[in-house]
Amino acid sequence: MSSPFCIIDDKQVPLWRVVWISALPHFCGSDECQREGQYEVRLEQHESVWATSEQRDMVLAALEQRYRQDAGPGQPPHGV
């Protein structure tokens with residue numbers, strides 16, 4: 001069984017807190033922006049963490065694996 005946590009921006013984040021993950025990297029054009037090129041991972045209660053592309057891909061893979069496990073053997077994932 002896979003871990004219920006993923007590492008995003010040096011934090012152990014429970015997968016069940018992830019609400020959505022941005023498809024495009026952040027770009028605001030500000031010279032002072034420290035999140036340029038990172039992906040926003042929105043958590044419940046309007047919190048966000050910022051992920052590199054590698055972290056984003058690992059979180060998506062972990063969520064997909066968890067989703068498939070919850071469906072059970074021989075069952076399509078929920079909503080399919």
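Tutor: The side chains of Lys-11 and Asp-9 form a salt bridge, with N and O 3.1 Å apart; the term denotes a side-chain nitrogen of Lys or Arg within 4 Å of a carboxyl oxygen of Asp or Glu. The model is a predicted one, in which local features need pLDDT of at least 70 and side-chain atom pairs count only at pLDDT 80 or more, while totals for chains, interfaces and linings use all residues. Residues are numbered from 1 along each chain as its sequence is written, and side-chain values use heavy atoms, with hydrogens and water left out.

As a general principle, side chains of opposite charge can pair when their charged atoms come close. Lys-11 is partly exposed, at 37% relative accessibility, and Asp-9 is also partly exposed, with a relative accessible area of 25%. Here buried means under 20% relative accessible area, exposed means over 50%, and partly exposed lies in between (1.4 Å probe, protein chains only).

A further salt bridge links Glu-40 and Arg-42, whose closest N and O atoms are 3.0 Å apart. Glu-40 is buried, with a relative accessible area of 15%, whereas Arg-42 is partly exposed at 23%.

Arg-56 and Asp-57 form another salt bridge, and their closest N and O atoms lie 2.8 Å apart. Arg-56 is buried, its relative accessible area being 15%, whereas Asp-57 is partly exposed at 41%. The structure holds six salt bridges.

The chain as a whole provides the setting for these pairs. The protein chain has one helix and five strands, in the order β-β-β-β-β-α from the N terminus. Helices (H or I, at least four residues) and strands (E, at least two) are DSSP runs, numbered from the N terminus. Of the 80 residues in the protein chain, 29% are buried. Among contacts (heavy atoms within 4.5 Å) between residues at least 6 apart in sequence, 41% join residues at least 24 apart. The protein chain exposes about 5,800 Å², of which carbon and sulfur atoms supply 53%; accessible areas come from the Shrake-Rupley method with a 1.4 Å probe, and for residues only the protein chains shown count as cover.
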